[in-house]
Amino acid sequence: MALLQSLVLLLFLYICAADPLGEFCNKDSNVSGNGMISANIDNLLAELVAETAKTGYIATSYGKDQDKVFGLAQCRGDVDSKDCASCIQDAAKQIRQRCVNQADARIWYDYCFLRYNTENFVGKVDTSFGIFYYNVENVTDPKSFNKELGALMDEIRSQAVVPKNEGLGKGETTLSPFVTLYALVQCTRDLSQIDCAQCLAIAVGNFPNFCNNKKGCRVLYSSCYVRYELYPFFFPLDSKNALADTSIKVVVSP
Ligand SMILES: *[C@@H]1O[C@H](CO)[C@@H](O)[C@H](O)[C@H]1NC(C)=O
Ligand SMILES: *[C@@H]1O[C@H](CO)[C@@H](O)[C@H](O)[C@H]1NC(C)=O
């Protein structure tokens, strides 16, 4: 019985590790032509996997002329290089299985993000496609919660646009002796400070639509990631208040 339970748990962990939070396979961007693009995507992915393992980020391209493919991969800045490397490996594998024929493909995990496109997207803010995850539970005191959340978001958004922070901002606020609010924001590192600020402003501006009074929420865009929870989720992990939750996913297409 115990063996069966651990097998089930292992299987569960395995599925979780490989399963993304979401992907976007742009149906208006089918790969056509002589097969060069498809080969270039494979070569690009190999480079993204190899390079991201070193510094947690790469934006590059592979191929020539009309067959050129642009790619970007980035891990969350608080994630260690081992988790980063395995996340990008999963992402590279899954994106090819899920977006078989698309020239514009993107995949999101909590620890990393990866995308490629035959059009050059590097350095451009993109909030056209979004994935939202929100906790089904509501906070008990929305007014004071939203005030504290707003203040924490302002603080970590200003961290994210400081160049040495490489797009990352994170922090926590004690709401009561037993409740702590944790939040993290991150922009892709190809963005300028102004574009990073813009992406985060759009994400936080969408809180009333998808995250309203929720105990936790995540906004996943191609250019930035925003998340808050009433339990620790970023590294170094705070040992108190560890909790799981039930989240619902909403996809917003262009
Ligand atoms: C791309 O391919 C899909 C599936 O074959 C098809 O439904 C879609 O219309 C195609 N899109 C374009 C722009 O050709
Ligand atoms: C949370 O609040 C919303 C809006 O007031 C309500 O529709 C929903 O049922 C609440 N959820 C729970 C779990 O109480």
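Q: Which residues surround ligand 2?
A: This is a predicted model, in which local features need pLDDT of at least 70, side-chain atom pairs count only at pLDDT 80 or more, and totals for chains, interfaces and linings use all residues; side-chain values use heavy atoms, with hydrogens and water left out. Residues are numbered from 1 along each chain as its sequence is written, while chains are lettered from A and ligands numbered from 1 in the order in which they are written. A residue is near a molecule if one of its heavy atoms lies within 4 Å of it. The residues surrounding ligand 2 are V136, N138 and K214.

Q: How are the rings of F145 and Y228 arranged: stacked, edge-to-face or tilted?
A: Rings of Phe, Tyr and Trp (its six-membered ring) pair if their centres lie within 6.5 Å, with planes under 30 degrees apart counted as stacked, over 60 as edge-to-face and the rest as tilted. The centres of F145 and Y228 are 5.9 Å apart and their planes meet at 55 degrees, so this pair is tilted.

Q: Is F233 buried or exposed?
A: Buried means under 20% relative accessible area, exposed over 50%, and partly exposed in between (1.4 Å probe, protein chains only). Because its relative accessibility is 7%, F233 counts as buried.

Q: Which residue lies over the face of F233?
A: A charge sits over a ring if NZ of Lys or CZ of Arg is within 6 Å of the ring centre and within 35 degrees of the ring normal. At 4.4 Å from the ring centre of F233, the residue over its face is R227.

Q: Which residues do ring pairs link into a cluster?
A: A search of the whole structure finds 10 aromatic pairs. The cluster linked by ring pairs consists of F24, W108, F113 and F129.
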